[in-house]
Amino acid sequence: MSKIVAGLVGYGRMGGFFLKALMADERWVVKYVCDSYEPSRRKAREVAPNAIVTDNIDDIYDDPEVDVVVLAALAEGRCERIEMAVAKGKHVISEKPIADSLENERRAWKAVEGSGRLSAVNLYLRNSWYHNMMKDFIDSGEIGELAVVRLCHMTPGLSPGEGHDFEGPSFHDCGMHYVDITRFYAGSEYKTMRAQAMRFWNYKDPWWLQAQGTFENGVVFDITQSHTYGQLSKVQTHLSYADIQGTKGIVRMSHDFKYSTVDMHGVNVTERVTRPHGGKNIDVLLKNFAASIDAGRPINLPSFKDAVVASEFAWKCLDDAWTHDMPAKGTLEELDEIHQRRWNMKEGEGYGLIRHK
Ligand SMILES: NC(=O)c1ccc[n+]([C@@H]2O[C@H](COP(=O)([O-])OP(=O)(O)OC[C@H]3O[C@@H](n4cnc5c(N)ncnc54)[C@H](O)[C@@H]3O)[C@@H](O)[C@H]2O)c1
């Protein structure tokens, strides 16, 4: 099997996960790591001494040996990077959202469509064992006809104003994963929606949002997402589950980021499965991408279209929430306290800690 040569752009939190997974998979070679920030480059040199560490992305575009450009910096400028990578004949793996505005996301999608190059987005829930196991269970008919899909993901994660300014409020930045995976279950397109949000700590944007509505095929959904969950609690925790009801049975999942447990209560099968959570499943994404390169067509790759649909609907939910009463609770002083706490947290202590400048 020929090696797949990658150039990684952005070595922050997600770039760190990508580098680790790329280096652990012997099919892949990391030839370049590109970051605009010297401390990130210094760290990359320590972790990947055989890679060329640069602040010039053109090194990656101009090297004919590079097969895949992995875009893990921020959404600003990502559309242009996607266009340039494809123009230079590279395949692309992109973080989500694939650009910093819907207009640019559509442009990026257009750039890969019909380009003959492969592309994938790190909509990582699609690569998780638990969501695939639950989908298979639903498709087997064990819960009857799919009726209600409820997703909840609340963590003390990235707080407002702390970073990811180009990715939008929490329900867009993180919530688009849950918008996407709900659509994956429904197997249909979103039809109606009503959203309720809360402006925690009097921040200008809502950081807690719940949306309910229907799909074209009549499936009802309910999504709750926030990064406001117990930010100042002494010992932080989170609440993350999927709860899916059919006309005959149910299937549900919860996790603690270490292990995930799937509970299946079907007409014939009653089973509980607990396995390691799997984190961002980048190992699975890389394996599927390699298989896709071998086959010359996408195999189990979350697509740019999936990312655009999820992003657009997440923005719609945020827009809708502004048309209803949107209370504020808490103060900007509390938010300062949260920023300081997260600033001082070490890797592994908090949720979704980004690399601070
Ligand atoms: N798929 C997921 O589950 C998931 C989870 C978290 C974040 N993300 C996405 O991943 C992206 C990165 O997030 P993060 O949390 O790693 O952020 P981060 O701030 O930790 O890292 C970003 C890195 O990109 C670098 N960078 C910025 N501009 C650059 C440029 N022009 N060229 C090269 N490097 C540049 C920064 O110096 C930094 O090292 C965001 O778009 C975010 O939405 C995805």
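The legends below describe close-up views of a predicted model.

Local features are given where pLDDT is at least 70, and side-chain atom pairs count only at pLDDT 80 or more, while totals for chains, interfaces and linings use all residues. Residues are numbered from 1 along each chain as its sequence is written.

**View A. The shell around the ligand.** The ligand has 28 residues around it, and G10, G12, M14, Y37 and A73 come nearest. A residue counts as near if its C-beta atom, placed from the backbone, lies within 6 Å of the molecule. Helix α1 (residues 13–24) gives the largest share of this shell, three residues. Helices (H or I, at least four residues) and strands (E, at least two) are DSSP runs, numbered from the N terminus. The shell comprises 11 nonpolar, nine polar and eight charged residues. Here Ala, Val, Leu, Ile, Met, Phe, Trp, Tyr, Cys and Pro count as nonpolar, Asp, Glu, Lys and Arg as charged, and the others, Gly among them, as polar. Because domain 1 (4–117) and domain 2 (125–344) both give residues to the shell, the ligand lies between them.

View B. The chain is divided into domain 1 (4–117) and domain 2 (125–344), with bounds from an automatic or database domain assignment. Their C-alpha centres are 25 Å apart. In domain 1, 24 residues are in contact with 17 residues of domain 2; contact requires C-beta atoms, placed from the backbone, within 7 Å. On the side of domain 1 that touches domain 2, α5 (102–112), α1 and β5 (91–94) each supply at least two residues. The most come from α5, with six residues. By class, this side of domain 1 has 16 nonpolar, one polar and seven charged residues.

**View C. Helices α8 and α10.** Helix α8 (residues 175–186) packs on helix α10 (residues 304–322) at an angle of about 115 degrees, and their axes are 8 Å apart. Axes are lines fitted to C-alpha atoms, for helices over the stretch in contact, and angles run from 0 to 180 degrees between N-to-C directions. The two helices are therefore roughly perpendicular to each other. Angles under 35 degrees count as roughly parallel, over 145 as roughly antiparallel, 65 to 115 as roughly perpendicular and the rest as oblique. G175, M176, V179, D180 and R183 of α8 meet D306, V309, A310, S311, F313 and A314 of α10. Six nonpolar, two polar and three charged residues make up this contact.

**View D. Helices α4 and α5.** The axes of helix α4 (residues 78–87) and α5 come within 9 Å and cross at roughly 10 degrees. This makes α4 roughly parallel to α5. From α4, the contact uses R78, C79, I82, E83 and V86, and from α5, N104, R107, A108, A111 and V112.

**View E. Helices α1 and α9.** Helix α9 (residues 282–295) and α1 cross at roughly 55 degrees, their axes coming within 9 Å. The pair is therefore oblique. The contact joins F17, F18, A21, L22 and A24 of α1 to I282, D283 and L286 of α9. It has seven nonpolar, no polar and one charged residues.

**View F. Two backbone details in loops.** K96 and P97 are joined by a cis peptide bond, with omega about -15 degrees. P97 is in the loop between β5 and α5. W201 is not a glycine, yet has a positive phi of about 60 degrees. The loop that holds W201 runs between β8 (190–200) and β9 (208–215).

Conventions:
Two residues are in contact if their C-beta atoms, placed from the backbone, lie within 7 Å.
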